[in-house]
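Please work through the following exercises with the sequence and the model side by side. Each task is followed by a solution that goes step by step.

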Amino acid sequence: MADTPLAALLAARITQEGPMRLSDFMAECLLHPDYGYYTQSEPFGAQGDFITAPEISQMFGELLGLTLAQAWLDQGAPSPFTLLELGPGRGTLMADLWRATAKVPGFHAAARLYLFEASPRLRALQAETLVAAQPRWCDDLNALPQVPLFVIANEFFDALPVRQFTRREAGWAETEVGLKDGALTLGQGRLYPPALLPQAWARSVPGDVAEWAPQMVPLLAPLAARIADQGGLALILDYGAWAGFGDTVQALRAHRPEPILQSPGLADLTAHVDFAALAEAAAPCAFAYETQGAFLKALGIETRAARLAAGSPDAAADIKAALHRLTAPQEMGSLFKALALFPEGAPLPPGFARKGPPDV
Ligand code: SAH
């Protein structure tokens, strides 16, 4: 039975108000001011609960930086422009990106760095890591300046709470967290008619589970509008797939999966990202989509790894292991995807083979 302080608090709330949506449960677990996972714990790295791509190797941030800088050059090197990261964690990706782009003439001078981060604790960490780049923190993505926008987001969208539904003959039943004998328990709440839920779910059959992140459109739409109007690029990397059904909500603690109700506030809770829904939410933008492995290889990660290894032979085995972890299909290469959003008519960003959805 869950016995974290947050579990007790949520149990009291459910006693008072009745069962809560899974998305509300996730939101409390991730960002509760006193007991939330991102607000309180140190999730990243070998000591933490999971390791993200930028924490595996500097190559990741470097290559993403050069991709953004190339797109910036291809679009006429606009100045000033907004450089934005969503959910920067410890700031590692942006630090690598910033270092790698130092030699791109004019890029640093033109960049105004904004960070979008909900956790005050992580904001403080980012302020330390990124002091040289003079970041500002942005609370409202609608308020970004009316200039070209270059965005990076790694493992941000998987952290957004999802509503989850199971298909029944007569409609969709929403997953809820309730109480049974005083313990948190998963159940199914009321039934929604299909007309109220995403059109893409129409081809479901009874038993299918579908998920939907309500915050995705409000977060992405203003960014896509800015990119379509002013120019720019968004690079979104995460684990997930192009549409599809399934229960993907998972909890991870100390690198091990655990039941999602087991330790509220102490485990990372995520859901797979639906990239088709992201592309649709960014509707005025053109898009391109690749697996992370194919994307990083097209950007030359193997050459970069060989050069790094030649420069520091002691680290050669670690660099080889990092390359494998980031790109091999059985590691992060296939499960993780890269999505680029850019103005119709702008050149295809480096690393992508073509525009449009994957062949499915
Ligand atoms: N990009 C980093 C960290 C990924 S973890 C990396 O690759 O290592 C997710 C990040 O998003 C954390 O910084 C977390 O605090 C932040 N975050 C999660 N939900 C958020 C929200 N709703 N608004 C703003 N930031 C959020």
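Helices, taken as H or I runs of at least four residues, and strands, taken as E runs of at least two, are DSSP runs numbered from the N terminus. The model is a predicted one.

**Exercise 1. Salt bridges of Arg13**

Task: Find which side chains meet that of Arg13 in a salt bridge, and state where the partners lie.

Solution: Begin with Glu17, whose side chain meets that of Arg13 in a salt bridge at 3.3 Å, N to O. Both residues belong to helix α1 (residues 5-17), and because they are 4 residues apart there, about one helical turn separates them. Next, consider exposure: Glu17 has 58% relative accessibility and therefore counts as exposed, whereas Arg13, at 27%, counts as partly exposed. Then turn to Glu28, whose side chain also forms a salt bridge with Arg13, at 2.8 Å, N to O. This pair links distant parts of the chain, since Glu28 lies in helix α2 (residues 22-31) and Arg13 in helix α1, 15 residues apart.

**Exercise 2. The setting of strand β10**

Task: Decide whether strand β10 is largely enclosed or open, and identify which strands pair with it.

Solution: Of the 10 residues of strand β10 (residues 232-241), 9 are buried, so the strand is largely enclosed by the rest of the structure. For the pairing, take each partner in turn. Strand β5 (residues 149-154) runs parallel to β10 and is joined to it by 6 bridges, with Leu149 opposite Gly232. Strand β16 (residues 336-342) pairs with β10 in the antiparallel sense, over 6 bridges, and here Ala234 stands opposite Leu341. Finally, strand β14 (residues 273-274) is parallel to β10 and is joined to it by 2 bridges, with Gly240 opposite Val273.

**Exercise 3. Around the ligand**

Task: Determine how many residues surround the ligand, and which N or O atoms lie at the stated distances from its atoms.

Solution: The ligand is surrounded by 20 residues, the closest being Thr52, Gly87, Gly89, Glu117 and Asn154. In the side chain of Glu117, an N or O atom is 2.6 Å from an oxygen atom of the ligand. For Gly89, a backbone N or O atom lies 3.0 Å from a ligand oxygen atom. For Ala118, a backbone N or O atom lies 3.1 Å from a nitrogen atom of the ligand.

**Exercise 4. The buried residues of helix α6**

Task: List which residues of helix α6 are buried, and name elements that cover them.

Solution: In helix α6 (residues 92-100), the buried residues include Thr92, Leu93, Met94, Asp96, Leu97 and Trp98. Among the elements covering them are α5 (58-74), β2 (81-86), β3 (111-116) and β5.

Key. Residues are numbered from 1 along each chain as its sequence is written. This is a predicted model: local features need pLDDT of at least 70, side-chain atom pairs count only at pLDDT 80 or more; totals for chains, interfaces and linings use all residues. Side-chain values use heavy atoms; hydrogens and water are left out. Buried means under 20% relative accessible area, exposed over 50%, partly exposed in between (1.4 Å probe, protein chains only). Two strands pair if DSSP finds at least two bridges between them. A residue is near a molecule or strand if one of its heavy atoms lies within 4 Å of it. A polar contact is a pair of N or O atoms within 3.5 Å; within protein, one must be able to donate a hydrogen and the other to accept it, and residues adjacent in sequence count only if both atoms are side-chain atoms. Contact means heavy atoms within 4.5 Å. A salt bridge is a side-chain nitrogen of Lys or Arg within 4 Å of a carboxyl oxygen of Asp or Glu.
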